[in-house]
Each structure stands twice: as structure tokens, then as C-alpha cells.
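User: I'd like to zoom in on a single part of this protein. Could you take it slowly, as I'm new to this?

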Amino acid sequence: MSTQENILKVRLEAPAHGGHTVARHEGRVIFVRHGIPGELVSIAVHDDGEKARFWRGDVVEVHEASEHRVTHFWPQADSLLAASRGVLPVGGAEFGHISLEAQREIKGQIFLEQMTRLGKIDATKHGFTGVVAPEGESADALGWRTRTAFVVDEKGRLAMSAFRSNDLVPIKEMPLAHPKINELELWDLPLAGISRIEVAVGSGDDAGVLVLFIEDGTVAGAAGRAAKRLPEGTSAAALTQVAGSASDGRGALQRLRGRTWLSESVAGHDYRITGEGFWQIHRLAPATLIERVMSQLAPSYGTRIADLYAGAGLFSAPLAKAVGDDGMLLSIEGAPGTSKDALKNLREFPQAIISQGRVEKTLSRELNTRKAKLDSIVLDPPRTGAGKAAVSAMVRSGAKKISYVSCDPASFARDTADLMSAGFRLEAVDVIDLYPHTHHMETVGLFVRH
Ligand SMILES: C[S@@+](CC[C@H](N)C(=O)[O-])C[C@H]1O[C@@H](n2cnc3c(N)ncnc32)[C@H](O)[C@@H]1O
């Protein structure tokens with residue numbers, strides 16, 4: 001934290017996308033973290049050049065607290081505590097000072113605002129009734145992350161980054177992580193010489209744990225030494241990233257102990273996920289999203305469906321089963337490594353076509369080759385959304401129903417506007433709190449061609 005910070009007393013206004021609350025000072029907008037709308041706070045302002053269009057700030061003292069303010073469950077992520085110690089709070093739990101109910105209320109306001117401004121529609125008229133917790137969520141919504149990434153600081157301590165900063169904060173717990181990740185007690189391992197660590201745990205009761213030591217800049221032998229000290233039954237691998245990663249097939253995954261992949265079982269389907277290949281992060285996300293997508297698309301026997309940005313085939317498996325031998329399931333995934341997982345995961349379905357490539361080009365190419373049209377689509381793109389080229393390919397595919405799974409309300413809203421101008425209408429939209437204590441949210445929207 002800079003020692004020459006500009007401290008301002010401000011009243012916090014509306015929430016803004018990205019985990020901020022808007023404040024104003026002499027006409028300039030300041031995006032403030034760690035506050036709650038309505039509060040009177042002191043903020044440490046940074047990025048505060050005179051020419052900057054807007055400034056950023058962190059709450060360091062609360063003068064009038066919101067009724068929704070609670071004690072942060074993770075002292076190292078508590079901005080007030082961190083400010084009193086002259087350090088930055090660790091990132092990753094930036095809503096932990098807000099009651100869960102109010103977090104969901106704020107996310108709902110952000111969703112509506114993004115849909116109005118970028119999607120040009122009032123989502124309350126299209127079925128949006130508020131942000132809901134996934135079924136089975138615990139009362140405190142902790143311990144949900146089945147994937148967590150750590151770094152190692154220059155003193156060999158396990159650390160995480162402060163939000164929007166290169167500063168590293170040494171840590172000894174990660175309350176949002178699945179208990180099996182904390183039970184590894186990685187902070188007690190000899191980590192000197194290692195740069196990054198990613199841990200994944202299967203969401204089942206007997207699920208395995210896989211620790212990946214990322215080898216960029218890592219000292220030879222350091223990963224092997226740390227792996228030997230992991231608890232019995234833990235798998236470990238070293239990942240060398242050669243202009244890519246294991247999940248895109250260009251990295252090299254070297255087994256250190258146990259397996260180099262995890263197994264998952266969701267809604268009666270078994271999946272294998274290699275190394276750092278994509279899998280939904282919240283322990284309840286896979287089942288929650290399959291349920292939403294299947295209920296929106298209601299796939300019938302003999303139909304043709306595409307699963308776009310398919311990952312290891314989470315939605316492809318139940319969809320392939322539903323369309324049966326007479327149907328077609330086209331599963332498109334960009335990362336070669338993850339697509340190889342999809343091939344294995346869908347082996348039992350001859351009606352599944354696994355295609356590796358970018359959706360923007362691959363969807364039309366696969367349909368043209370087969371002279372086929374689609375009945376429906378599910379898409380689950382990365383944070384950047386589908387974009388105009390993919391939307392236009394979806395429109396040309398003939399699909400009448402689209403179930404759109406999104407982890408970013410801004411790109412979802414932009415793609416909504418494009419789908420609507422191409423003749424689709426938003427029939428239903430669910431926003432689910434699959435990232436509690438952070439500003440993120442998951443949306444599942446059903447679009448129908450009219
Ligand atoms: C949010 S994940 C969804 C994966 C899967 N639906 C699931 O739930 O497990 C997005 C996936 O899209 C892939 N991807 C990103 N951009 C892509 C593109 N342009 N074309 C195809 N796949 C892409 C990523 O590799 C990643 O596996």
C-alpha cells in the first residue's frame with residue numbers, strides 16, 4: 001500500500017460491476033472496493049491522476065455502517081483490518097464483509113443494470129426474480145471452491161495476490177476452498193523454488209485431490225520434494241507450460257505421484273478431467289447447471305443439439321443420452337487437452353461428435369460438412385462471452401432454442417442484445433450465486449426464436 005495515499009471521506013452510492021460501489025468527489029467518479037451502498041466511509045484513493053477519467057479507492061474506515069455489514073470471515077481479506085496493519089487485503093473474497101442476503105441483492109442490482117444498459121432490456125419482464133443460492137448451499141456458503149490457485153512468495157511462503165495488485169499476501173487458510181484443500185496444509189510444505197500451485201478436488205465424498213506445481217521458473221526438483229510431503233492419497237503433477245497449458249495440449253504434465261487427472265460423477269454420468277482442464281468451480285455447480293440446462297432445453301429423442309464451449313463434456317453427456325441414437329450431439333471445445341477429455345467422457349455415445357476448435361469457425365464448418373441444421377444449443381463461453389461471430393453462427397445453425405450459461409453479466413447482456421436483434425426472445429433467466437463472497441454470478445438464460 002502506498003504511504004502517500006490520498007484519504008477522502010465519501011458517501012457510497014450504487015453498486016457497480018466488478019465488485020465496486022460508486023462514490024463521487026468534486027464531480028469525479030471513484031470506484032470503491034470493500035464498501036456497501038449507503039455507507040459513509042473513508043477511502044484510500046489510488047490511480048488518482050488528475051487526468052484519470054475515474055479513480056479507484058479502498059475503504060479504510062467506516063463512519064456510518066450499513067445494516068448489511070458483517071465481520072469478514074477471513075481476517076486476511078478484511079480491508080479494515082488490513083488497513084489498520086498497513087497492508088493490502090488478499091483478493092478472492094471481496095464481498096465477505098456483506099451479509100449473504102445483501103450480497104445476492106447487490107448482484108441482482110448489477111445484473112439488472114448491465115441488462116438495461118448493455119442488453120437494452122428490463123430483465124424483470126423476462127423472468128428475472130432475483131439471485132438465488134444453489135440448492136444444497138451451506139448456511140455460511142464457505143468451503144465451495146473445488147479449484148484454487150496459489151503463488152509462492154520470494155520467501156517460499158504460500159501466498160495469494162491482493163486484488164488488482166502484484167503484492168503477495170502469505171496465507172495459512174483459504175476459507176472458500178473445499179475443506180480437503182485446506183487439509184493439505186500446503187503452507188507447511190517446503191515451497192522455496194516453486195512459483196505457482198493449483199489444487200483441484202473432486203466434488204464427490206470420496207473425491208481425490210490433485211496438486212499441480214506449475215513449473216514456469218520453478219527450480220528443478222522443488223516440485224518433487226514438495227510432492228513427497230503431501231498427505232497420503234494425494235495426487236501431484238508438475239506442469240510445464242510451453243506457450244500454453246496442459247489443458248490445451250501444449251503443456252507437459254509430468255506425474256509426480258498418484259494420477260494426473262480427477263474423476264467426477266454428476267447426474268449419473270462419469271467424467272475425467274485432466275490436470276488443469278476446465279471444470280466448474282463451485283462444488284454444486286455441475287449438478288445445478290445440468291438441471292437448469294436440461295429443464296430449459298427439454299431435449300427430445302432424435303433431435304440435434306450443439307454444446308458450445310463444451311469443456312470436458314459436462315452438458316454433452318446428458319444431452320447425448322437424451323437425443324439418443326437417432327439424434328446428434330455436437331460438442332465443440334477449443335482447448336485440445338480438454339477436448340481429449342470430452343472424447344473419453346463421451347465414448348459410450350455414438351451420436352456424439354466431438355470437435356476441437358473455435359466455436360466461431362467450427363460450428364458452421366461441422367454443420368455444413370454434414371448438411372445439418374440444429375434444433376437447440378447450449379453455450380457456456382468464457383468471461384468474454386460469445387461475441388458477434390459466434391452469435392451469427394448460432395443464428396445460421398437453425399436452432400430454435402438456446403440455453404446460455406454465462407459467468408459474466410456484461411458479456412451476457414451484450415450477447416443478449418445481438419441474439420434479440422437476430423430474432424430471438426429471452427424467455428427465462430436464472431441468476432445463481434455460484435461464487436458466494438465474491439462479486440461474480442452465474443446466469444442461465446433461455447432464448448427462443450420467434
Ligand atoms: C466456462 S468453460 C465451460 C466448459 C463446460 N461447459 C463446463 O461447464 O464444464 C468455457 C470453455 O470454453 C473453451 N473456449 C474458450 N474460448 C473458446 C472458443 N472460442 N471456442 C471454443 N471453446 C472455447 C474453454 O477452453 C473452456 O473449456
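Is Trp279 buried or exposed, and how many other C-beta atoms lie within 10 Å of it?

Analyst: Two bits of housekeeping first. This is a predicted model: local features need pLDDT of at least 70, side-chain atom pairs count only at pLDDT 80 or more, and totals for chains, interfaces and linings use all residues. Residues are numbered from 1 along each chain as its sequence is written.

Now your residue. Trp279 counts as buried because 21 other C-beta atoms sit within 10 Å of its own. The cut-offs are simple: 20 or more such neighbours means buried, 12 or fewer means exposed, and anything in between is partly exposed, with C-beta atoms placed from the backbone. Across the protein, 50% of the 450 residues count as buried.

Where does Trp279 sit? Its place is in the loop between β16 (269-274) and α5 (285-297). Those labels are DSSP runs numbered from the N terminus: helices are H or I runs of at least four residues, and strands are E runs of at least two. The protein has ten helices and 23 strands.

Next, who touches it? If you skip the neighbours within four places in sequence, Trp279 is in contact with Arg147, Glu264, Ile273 and Ala312. Contact here means that the C-beta atoms, placed from the backbone, lie within 7 Å. For the whole protein, take the contacts with a separation of 6 or more: 61% of them join residues 24 or more positions apart.

Strands pair if DSSP finds at least two bridges between them. Within that pairing, Phe150 stands opposite Ile197 in β11. β11 also pairs with strand β12, residues 209-214, again antiparallel, over six bridges. There, Ile197 stands opposite Phe213 in β12.

Now go to β16, which is among the elements covering the buried residues of helix α6, along with α5, β17 (304-308), β18 (328-333), α7 (336-345) and β19 (352-356). Helix α6, residues 316-323, is mostly covered, with six of its eight residues buried. The buried ones are Ser316, Ala317, Pro318, Leu319, Ala320 and Val323.

One more residue deserves a look. Tyr309 lies in the loop between β17 and α6. Its phi is near 60°, a positive value in a residue other than glycine. Most residues other than glycine have a negative phi. Tyr309 counts as buried because it has 21 C-beta neighbours inside 10 Å.

Tyr309 also leads you to the ligand. Of the 19 residues around the ligand, Phe278, Tyr309, Gly311, Gly334 and Asp380 come nearest. A residue is near a molecule if its C-beta atom, placed from the backbone, lies within 6 Å of it. β18 and α8 (359-370) are the elements that give two or more residues to this shell. By type, the shell divides into eleven nonpolar, four polar and four charged residues. Nonpolar covers Ala, Val, Leu, Ile, Met, Phe, Trp, Tyr, Cys and Pro; charged covers Asp, Glu, Lys and Arg; the others, Gly among them, are polar.

Notes:
Two residues are in contact if their C-beta atoms, placed from the backbone, lie within 7 Å.
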